[in-house]
Amino acid sequence: MAIPGEQTDGRDGRATTQSPTQIRRMLPADMVERGRCPFDPPSGVRERRDQGAVQPLTLLNGAPTWLVSGLPEARAILADPRFSSDRMRYPDVTTLQPHEVERLAAAAGSGPSAGGIAPKVESRTDGMFVFMDPPEHTRLRRLLTGQFTVRRMKALETRLREIAVEHIEAMMAAGTEADLVPAYALPIPSLAICELLGVDYADRAEFQERTAIALNSTTPEQERVQAGLGLYGFIQGLVTAKRAEPGDDILYGLIHDTDPPLTDAQLTDVALLLLGAGHETTANMLGLGTFALLEHPDQLAALRADPALMDNAIEELLRYLSIIQMGVSRVAIEDVTVDGVRIPAGGTVIIATPEANRDPRQWEDPDRFDVHRPRSTHLAFGHGIHQCLGQQLARSEMRVGLSELITRMPDLRLAVPADQVPLRNEMLIFGVHSLPVTWS
């Protein structure tokens, strides 16, 4: 299985034992560590701003890649079928160890310049559609899109508000201080996924506990792997139960509304992808977004004075924070030229999402956080056929979570100096490990 934060090994689709920390170490340090402002892209990315929208970058494993920091260039690549997401068919060098890079280069007979292309494999039978190309991706994506109905999303937003209020009241009843990450930012998307997948109320504590351990980078590796295996088994059991019991959830719909039917393995994979995409990303946006608002009191005041700005504020937070830290990569399946730069077949491109979302050609004063900024296109949810299908759910979670928080806790503030808030620099998904807050 592959759980969020892990990478597939490029051969059989199974997760490697690399932790997110190890994967991040493939990048030069200046491409990872945030500087004085925790909301800005790493200094190494910012310093490359004037060196071209597409530029070569050598990873610490010795592999050559191409860094894409321009918004139109990134969108063009993400929409181009000549760039593959299928890591079973085409090795993505960001996940390889140095000896693997050397072996691929030797096999390609091209030295270190391309990395080579793996031979085609048989048709995919797993459900990891984010790592697929058409036609396998097309079918699974279409089936899942059909389950994100307007009726279901509206009903879920009502439940999201109940969840947010419950957790705010629990924090306030417990005292005047809390760590906002476990007390608020994590439970909202976790319980939303429980609603979507139809997890029984009696099982939600176990589901949340396993999820928290499996997705926590500070958990010892073996413990995290065991929790991931337990989570996989939990989802397998949920799939079995949904085959026998009627329900009104996405998993039940995928089981009973598809022809030909999906296998248990495919259903389990899809559920795990929903968990990862809908849990870790939104939780970190809630935590980091609150941090950003507290550190920009003028913007927070404007939002409180005019709640109608919330939708604008959400889009600006998504653009400004860009928590996917160069975690989006593609492999060229033929020679492609982008912005005058030739990317050879087998070459890996890395989309520098934080920098693309601050492209000065697209935004005036892009390094400024402004909740009044008109809504515009950004890459927070990707682009092309792999654009996040749960993006409206994520927006709903942010809108409800932030609105209830700043309304019900008008004197919310940091309980520690801003430079003492621990950042997730080592993670594929940026955010804060914790956010100590206080109120009167």
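Contact, throughout these legends, means heavy atoms within 4.5 Å of each other. The structure is a predicted model, in which local features need pLDDT of at least 70 and side-chain atom pairs count only at pLDDT 80 or more, while totals for chains, interfaces and linings use all residues. Residues are numbered from 1 along each chain as its sequence is written, and side-chain values use heavy atoms, with hydrogens and water left out.

**View 1. Gly127 and its surroundings.** Leaving aside residues up to four places away in sequence, Gly127 touches Met132, Leu140, Gln266, Asp269, Val270 and Leu273. Gly127 sits in the loop between helix H4 (98-108) and helix H5 (136-145), where helices (H or I, at least four residues) and strands (E, at least two) are DSSP runs numbered from the N terminus. Because its relative accessibility is 0%, Gly127 counts as buried; the term buried stands for under 20% relative accessible area, exposed for over 50%, and partly exposed for values in between (1.4 Å probe, protein chains only). The C-alpha atom of Gly127 is separated by 6.6 Å from that of Leu267, although the two residues are 140 residues apart along the chain.

**View 2. The two sides of helix H9.** In H9 (residues 204-214), the buried residues are Arg204, Phe207, Thr211 and Ala214. They lie on the same side of H9 because they cover an arc of only 100° around the axis, the arc being that of the directions from the helix axis to the C-beta atoms. Exposed residues Ala205 and Glu209 are carried on the face of H9 turned away from its buried side. The buried residues of H9 pack against helix H8 (187-197), helix H10 (221-244) and helix H12 (264-295).

View 3. H8 is mostly covered, with ten of its eleven residues buried. H8 and H9 pack at an angle of about 125° with their axes 11 Å apart, where axes are lines fitted to C-alpha atoms, for helices over the stretch in contact, and angles run from 0 to 180 degrees between N-to-C directions. This angle makes H8 oblique to H9, given that angles under 35 degrees count as roughly parallel, over 145 as roughly antiparallel, 65 to 115 as roughly perpendicular and the rest as oblique. Their contact is made by Pro187, Ser190, Leu191, Ile193, Cys194 and Glu195 of H8 together with Arg204, Phe207 and Gln208 of H9. H8 and helix H16 (residues 391-408) pack at an angle of about 135°, with their axes 11 Å apart, and this makes H8 oblique to H16. Here Ile188, Pro189, Ala192 and Leu196 in H8 meet Leu393, Glu397 and Gly401 in H16.

**View 4. Backbone features in the loops.** Most residues other than glycine have a negative phi, and most peptide bonds are trans. The peptide bond from Pro134 to Pro135 is cis, with omega near 5°, and Pro135 lies in the loop between H4 and H5. A cis bond also runs from Asp259 to Pro260, with omega near 0°; Pro260 is found in the loop between helix H11 (250-256) and H12. Ser322, although not a glycine, has a positive phi of about 45°, and this residue is buried, with a relative accessible area of 2%. Asp339, also not a glycine, has a positive phi of about 55°, and at 48% relative accessibility Asp339 counts as partly exposed.
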